[in-house]
Amino acid sequence: MGLLGCSSFKVPSAEDAGGGDNTDCELGSQDEDSDGECEEDCATSALDCGATGSCVIEDGSATCECNEFHQGADCSECTDDGQDNDGNGECAQACPTDEETCGSNYVCDDSTGDVECVCSEGLGGPMCDSCRPAYHDDDGDGTCEFCGLAPAFGPNFKGATRLVFTNTTAAELPIGAIVEFVFDHAELVTNNLSLENGHDLRVVHFEMGGAAPSVEPHGIDGETNQSETRLLFELRAALAAGQSTTEYTLFFNYPEADAPTVVTFSETHSLTANRCGGP
Ligand SMILES: [Ca+2]
Ligand SMILES: [Ca+2]
Ligand SMILES: [Ca+2]
């Protein structure tokens with residue numbers, strides 16, 4: 001008899017009607033998993049699921065269900081395959097770890113907050129198949145090497161471009177060997193980046209990892225303001241056969257420049273070099 005009386009406690013009372021399935025529970029609580037235990041529902045729960053999640057009842061408890069690519073107690077963290085690189089609080093798809101995704105010459109980039117395929121390191125052009133500015137492939141192996149950022153050299157020179165020299169001869173070029181650099185000076189002049197007379201041109205040697213830069217005496221072989229102006233100067237360090245150097249930088253765009261130290265080289269074992277990047 002007593003046992004029957006006990007079981008009658010589970011019978012829903014009149015006040016609890018209207019709770020739908022949760023007829024055992026008071027308003028503001030629920031027993032959706034029907035285990036006989038009432039727990040807070042989403043309205044009364046203190047859960048904060050943030051702007052990127054919402055409260056749901058799971059296994060009888062109020063819990064945060066996070067939007068895609070979100071995780072964490074309040075759904076504010078990104079999942080392993082998500083990212084919020086633009087910091088707007090919304091996680092989106094991250095680049096897959098599979099590097100094949102974008103195809104050759106391209107690489108996946110999600111640094112803007114969106115996934116996109118961009119040219120691989122050093123590559124540029126519409127098809128990502130040429131070296132981008134400030135990169136060069138003088139050794140022709142198909143990989144574009146970074147020239148290095150043009151170093152700072154006083155406030156007067158507004159333009160700078162790394163030069164790349166490759167000793168393509170079979171012998172070492174000693175200190176003092178004269179290299180010839182052919183560049184489009186007329187283009188610089190046309191764009192108001194250099195003086196017609198070339199007085200603003202300076203070749204500066206920056207030794208890697210060390211000594212203060214030194215301005216190299218240089219000579220102009222022929223005329224300035226040409227599409228193929230030839231500039232000569234001496235190597236400050238020996239260059240082994242096949243070796244490249246980016247220790248030399250051409251500075252320009254100093255409208256008030258006086259004539260630089262220009263010398264006439266008596267001997268010209270000239271070696272053609274390339275300009276690397278810059279305007
Ligand atoms: Ca329950
Ligand atoms: Ca984002
Ligand atoms: Ca290369």
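In the predicted model, the largest nonpolar core comprises 25 residues, among which Leu163, Phe165, Val179, Leu231, Leu250, Phe251 and Phe252 touch the most other members. At least two residues of this core are supplied by each of the strands β15 (159-166), β16 (178-183), β17 (202-205), β20 (229-234) and β21 (244-252). In soluble globular proteins, nonpolar side chains tend to be buried together.

The secondary structure of the chain amounts to two helices and 22 strands. Of its 279 residues, 24% count as buried. Among contacts with a separation of 6 or more, 52% are made by residues 24 or more positions apart.

The average pLDDT is 82, and 81% of the residues score at least 70. Strand β5 (residues 70-71) has the highest confidence, at 98, whereas helix α1 (residues 2-7) has the lowest, at a mean of 40. Over residues 1-20 the pLDDT stays under 50, and the model has nine contacts beyond four places in sequence for this segment. Where pLDDT is low, the predicted coordinates should not be read in detail.

Strands β9 (residues 106-109) and β10 (residues 116-119) run antiparallel and are joined by four bridges. The two strands form a hairpin with six residues between them. Within this pairing, aspartate 109 of β9 stands opposite glutamate 116 of β10. In the turn, glycine 113 adopts a positive phi of about 100°.

Positive phi values also occur in residues other than glycine. Most residues other than glycine have a negative phi. Asparagine 105, in the loop between β8 (92-93) and β9, has a phi near 75°. Asparagine 105 is classed as partly exposed because 15 other C-beta atoms lie within 10 Å, a count between the limits for exposed and buried residues. Aspartate 59, with a positive phi near 50°, is found in the loop between β3 (53-58) and β4 (61-66). With 9 other C-beta atoms within 10 Å, aspartate 59 is exposed, since residues with 12 or fewer such neighbours fall in that class.

A further loop, between β13 (135-136) and β14 (145-146), contains glycine 142. Glycine 142 is likewise exposed, with 10 other C-beta atoms within 10 Å. The C-alpha atom of glycine 142 is separated by 9.8 Å from that of leucine 123, which is 19 residues away along the chain.

Definitions and conventions
Residues are numbered from 1 along each chain as its sequence is written. Chains are lettered from A and ligands numbered from 1 in the order in which they are written. This is a predicted model: local features need pLDDT of at least 70, side-chain atom pairs count only at pLDDT 80 or more; totals for chains, interfaces and linings use all residues. A nonpolar core is a set of buried Ala, Val, Leu, Ile, Met, Phe, Trp, Tyr and Cys residues joined through C-beta atoms within 7 Å. A residue is buried if 20 or more other C-beta atoms lie within 10 Å of its own, exposed if 12 or fewer, and partly exposed in between; C-beta atoms are placed from the backbone. Two strands pair if DSSP finds at least two bridges between them. Two residues are in contact if their C-beta atoms, placed from the backbone, lie within 7 Å. pLDDT is the predictor's confidence in each residue, from 0 to 100.
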